[in-house]
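Subject: The structure we talked about

Hi,

Here is the structure I promised to pass on. Have a look at it first, then read on for what turned up.

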Amino acid sequence: MYNILITGGAGYIGRQIINLIDKKKFNIVVVDNLNTTKKNYLPKNIKVEKINILNKKKLEKLFSIYNFDGVIHLAAKCVVSESQKYPDIYYETNIIGTKNIIRYSKKFKVKHFIFSSSCSIYGNSDGIVKENNKKKPVSYYGKTKLIGENLIKRSFKNTKIKFVILRYFNVVGADLKNKIGEIGDKDRLFNNISKKIINKNFKINIYGNDYKTKDGTCIRDYMHVYDLAAIHLICLKKFKHIKKSLELNCSYGKGYSVLDIVKSFEKIAKRKINLIYKERRNGDTEKVIASNKKLNQFIKWKPKFNKLDSMVSTTFLWNKYLNKNL
Ligand SMILES: NC(=O)c1ccc[n+]([C@@H]2O[C@H](COP(=O)([O-])OP(=O)(O)OC[C@H]3O[C@@H](n4cnc5c(N)ncnc54)[C@H](O)[C@@H]3O)[C@@H](O)[C@H]2O)c1
């Protein structure tokens, strides 16, 4: 058995990873403070420890008990707009919390480490973003993720720990069969539009229509949560082929503007959505599209849910389910 710690495993991406992991080969332990999620969103046979990653004592005890082979470190605060308002909270969880996880991974000689990073570390970029692009985060959230990456690189440098830094772009969609989707009010475009349509409110705020893009609205590269989770499993399998470390952009390499997304939602709503243009938001970048060449070379895979309409429809149907059931 391979003992694996998944911090933040009760969250959106963590639950999808756990759903896909082979439970016969992996003994999973989840660490989550459960502030924004619940234990019973995870299958009953998964061990969940309600621990804040800022609590060093509890973490040390946990690491000493389980002798983890691998860690997937997902626990973080992750809303860009919130990070601008409450930088101290983001500093604590995303930097100090990450430092703690690194510290005990080193002390208890974990072999493999996967870190959830973000495209927001690149900041404003024009066109395709490669892994070696300049890192100039605009938001405070992006800064904390970049510091997290640097801490990992520095701390694991002279150790035997192999690590993969996965830079997720924008994660969307849901696994309807297994009831996995994003929970909570995180001010995400796909969820916001879904909720409006469900509530029969067909007016949507667009923050900025004067960006230098094809239609003036921001462009982002999206990835379905199922495909993103699958990448983690491939990384776990391939650790033996990784010499030391790897940084990978995780996305499909295709940009969609806010208006492209609105149009896809209009197909579901079967009507026009009224657009209300507002000022640009502090911390938003104009256009971020991933180069996924390195990812594709490494994992040689076929994504399952890379059509915009399937990302939009699964998000919508998940929000409809949430509206009725939670
Ligand atoms: N969702 C995205 O679009 C996206 C994009 C890029 C990167 N990421 C990164 O992916 C990771 C997971 O994101 P997600 O979308 O699943 O978010 P999420 O909020 O659903 O999951 C994060 C989990 O971490 C837990 N957590 C937060 N603070 C904690 C603390 N102090 N101690 C213990 N647990 C704590 C939360 O309870 C939650 O279950 C994060 O590191 C995030 O920065 C997400």
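Predicted model: local features only at pLDDT ≥ 70, side-chain atom pairs only at ≥ 80, totals over all residues.

Where does A75 sit? You'll find A75 in the loop between strand 4 (70-73) and helix 3. If you set aside its neighbours within four places in sequence, A75 is in contact with T7, G8, V31, D32, I53 and G97.

Next, the ligand. Its shell is made of 27 residues, and the closest are G8, G11, A76, C78 and V171. Helix 1, helix 4 (87-107), strand 5 (112-118) and strand 8 (170-172) each give two or more residues to that shell. Which element gives the most? That's helix 1, with 3 residues. Sorted by type, the shell around the ligand has 12 nonpolar, 13 polar and 2 charged residues.

Now zoom out to the whole protein. It is divided into domain 1 (2-171 + 222-250) and domain 2 (173-220 + 253-325). The C-alpha centres of the two domains lie 23 Å apart. Where they touch, domain 1 puts in 35 residues and domain 2 puts in 34. On the domain 1 side, several elements supply at least two residues each, among them helix 1 (12-20), helix 3 (80-85) and strand 10 (219-224). Helix 7 gives the most to that side, with 5 residues. The domain 1 side splits into 16 nonpolar, 14 polar and 5 charged residues.

One last stop: helix 5, which runs over residues 140-156. With 17 residues, helix 5 reaches 24 Å from its first C-alpha to its last, close to the 24 Å expected at 1.5 Å a residue. Which of its residues are buried? They are Y140, Y141, G142, K143, T144, K145, G148 and I152. Helix 3, helix 4, strand 5 and strand 7 (162-168) are among the elements that cover these buried residues.

Cheers

Terms used. Residues numbered from 1 in each chain as written. Domains from an automatic or database assignment. Contact = placed C-beta atoms within 7 Å. Helix = DSSP H or I, 4+ residues; strand = E, 2+ residues; numbered from the N terminus. Nonpolar A, V, L, I, M, F, W, Y, C, P; charged D, E, K, R; others polar. Near = placed C-beta within 6 Å. Expected span 1.5 Å × (residues − 1). Buried ≥ 20, exposed ≤ 12 C-beta atoms within 10 Å, placed from the backbone.
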